[in-house]
Amino acid sequence: MPVERAEAIAVNRERLSINQATTMPWSLAQAIEGYARAGVPAISVWRDKLAEMGVEPAVRHLGEAGLVVTGLCRGGMFPAADAAGRQAALDDNRRAVDEAAAIGARGLILVVGGLPEGSKDLAGAREQVHDGLAELLPYAREVGIPMAIEPLHPMYAADRACVNTLGQANDLCDQLGPGIGVAVDVYHLWWDPDLERQIARAGERILAFHVCDWLVPTRDLLLDRGMMGDGVIDIPKIRGWVEAAGYRDFCEVEIFSERNWWQRDPDEVVATCIERLATAV
Ligand code: ZN
């Protein structure tokens with residue numbers, strides 16, 4: 001049964017992870033320090049920021065701050081126009097698995113990729129995603145890094161991810177077996193009439209739960225996400241479904257917001273995440 005807000009227990013800070021894209025102006029070092037200062041227990045790390053800082057210093061800083069690393073963003077981007085491109089993607093994904101292991105991430109988040117340049121073959125791109133995952137999976141298993149397929153809103157099917165529903169991601173998990181799961185992001189999935197059923201179906205394969213909000217109007221396809229509570233997504237309802245499916249782990253705030261939150265003092269953004277986690281998630 002879905003958990004309604006009235007019965008739902010407010011999420012406290014102990015379950016907060018902040019995806020560092022939420023505080024884009026901060027370097028990884030600043031994010032680690034800033035989150036720890038605010039009592040945020042977990043972080044999701046981006047590879048470009050990790051590369052900037054260097055893996056070894058990052059590992060040291062994360063350890064000193066005592067932060068849990070809920071995920072590394074991101075692997076994926078499997079489809080390519082030719083074999084060399086597909087191989088390059090696989091090589092990069094193996095490096096991403098290694099980096100995730102090095103920083104002790106709980107998983108590697110996968111944005112699977114869209115159409116190769118010049119292609120209109122959506123079914124073919126989806127096949128390439130399946131094949132890329134199948135090739136990468138043995139390595140990720142060997143290293144011990146779970147991979148989370150993150151279905152993206154269909155508006156990104158061309159350029160970012162041709163896996164657009166949780167149903168599709170569940171199908172891939174069924175086909176590929178252990179070592180692969182899903183990331184449930186309310187921003188990408190809230191509109192799906194089949195969402196409740198697919199969350200239940202995902203069950204213990206849910207490896208991450210991402211929150212933010214859908215603004216009306218949305219002015220940019222990528223960089224105009226809202227803070228929880230500022231948009232139209234019934235986040236507590238979806239959290240109830242996720243928890244009914246057995247997920248009791250971190251709620252990860254992931255907000256790309258060029259016009260608003262990235263313009264603000266990141267300390268204020270972190271404080272707002274903490275407050276909204278309790279009132280709007
Ligand atoms: Zn996400």
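These exercises walk through a predicted model, one site at a time.

**Exercise 1. The zinc site**

Find which residues are the protein donors of the zinc ion, and decide what geometry the site has.

Step 1. List the donors. They are E150 (OE), D185 (OD), H210 (ND1) and E254 (OE). Their distances from the zinc ion are 2.0 to 2.2 Å.

Step 2. Check the angles. Among the four donor atoms they run from 87 to 158°. Four donors count as tetrahedral if all angles lie between 85 and 135 degrees. The range for the zinc ion reaches 158°, and the site is irregular. For reference, the ideal angle for four tetrahedral donors is 109.5 degrees.

Step 3. Read the donors along the chain. Their spacing is E-x34-D-x24-H-x43-E.

Step 4. Check accessibility. H210 and E254 are both buried.

**Exercise 2. Helix α5 against helix α6**

Work out at what angle the axes of α5 and α6 cross, and which residues make the contact.

Step 1. Locate the helices. Helix α5 covers residues 122–143, and helix α6 covers residues 166–176.

Step 2. Take the two values that describe a packed pair: the angle between the axes and the distance between the axes. Here the axes of α5 and α6 come within 11 Å and cross at roughly 50°.

Step 3. Classify the pair. Angles under 35 degrees count as roughly parallel, and 65 to 115 as roughly perpendicular. The helices α5 and α6 are therefore oblique to each other.

Step 4. The crossing of α5 past α6 is right-handed.

Step 5. Name the contact residues. From α5 come R126, V129, H130, L133, A134, L137 and R141. From α6 come Q168, L172, Q175 and L176.

**Exercise 3. Helix α4 against helix α5**

Describe the packing of α4 and α5: what is the crossing angle, and which residues touch?

Step 1. Start with the axes. Helix α4 (residues 83–102) and α5 have axes that come within 10 Å. They cross at roughly 35°.

Step 2. State the hand. The crossing of α4 and α5 is right-handed.

Step 3. List the contact. On α4 it involves R86, L90, N93, R94, V97, D98 and A101. On α5 it involves Q128, G132, E135, L136, Y139, A140 and V143.

**Exercise 4. Buried or exposed?**

Sort A83, H153, L222 and Q20 by accessibility, and place each one.

Step 1. Set the cut-offs. Buried means under 20% relative accessible area, exposed means over 50%, and partly exposed lies in between.

Step 2. Take A83. This residue belongs to helix α4. Its relative accessibility is 52%, so A83 counts as exposed.

Step 3. Take H153. It lies in the loop between β5 (147–149) and α6. A relative accessible area of 14% makes H153 buried. Beyond its sequence neighbours up to four places away, H153 touches N164, Y187, H188, W191 and W214.

Step 4. Take L222. It is in the loop between β7 and α9. At 26% relative accessibility, L222 is partly exposed. Leaving out residues up to four places away in sequence, L222 touches Y156, R160 and F256.

Step 5. Take Q20. Its place is the loop between β1 (16–19) and α1 (28–37). With a relative accessible area of 1%, Q20 is buried. Residues that Q20 touches include W26, Y35, I43, W46 and K49.

**Exercise 5. Backbone exceptions**

Step 1. Recall the background. Most residues other than glycine have a negative phi, and most peptide bonds are trans.

Step 2. Inspect R74. R74 lies in strand β3 (residues 68–76).

Step 3. Inspect P217. P217 is in the loop between β7 and α9 (235–244).

Step 4. Inspect M77. M77 lies in the loop between β3 and α4. With a relative accessible area of 29%, M77 is partly exposed.

Terms used
Residues are numbered from 1 along each chain as its sequence is written. This is a predicted model: local features need pLDDT of at least 70, side-chain atom pairs count only at pLDDT 80 or more; totals for chains, interfaces and linings use all residues. Side-chain values use heavy atoms; hydrogens and water are left out. Donors are N, O and S atoms within 2.8 Å of the metal (3.2 Å for Na, K and Ca); water is not among the atoms, so sites may look incomplete. Four donors count as tetrahedral if all angles lie between 85 and 135 degrees; four count as square planar and six as octahedral if opposite donors are over 155 degrees apart and all others between 65 and 115; anything else is irregular. Buried means under 20% relative accessible area, exposed over 50%, partly exposed in between (1.4 Å probe, protein chains only). Axes are lines fitted to C-alpha atoms, for helices over the stretch in contact, and angles run from 0 to 180 degrees between N-to-C directions. Helices (H or I, at least four residues) and strands (E, at least two) are DSSP runs, numbered from the N terminus. Angles under 35 degrees count as roughly parallel, over 145 as roughly antiparallel, 65 to 115 as roughly perpendicular and the rest as oblique. A crossing is left-handed if the near helix is turned anticlockwise from the far one by less than a right angle, and right-handed if clockwise. Contact means heavy atoms within 4.5 Å.
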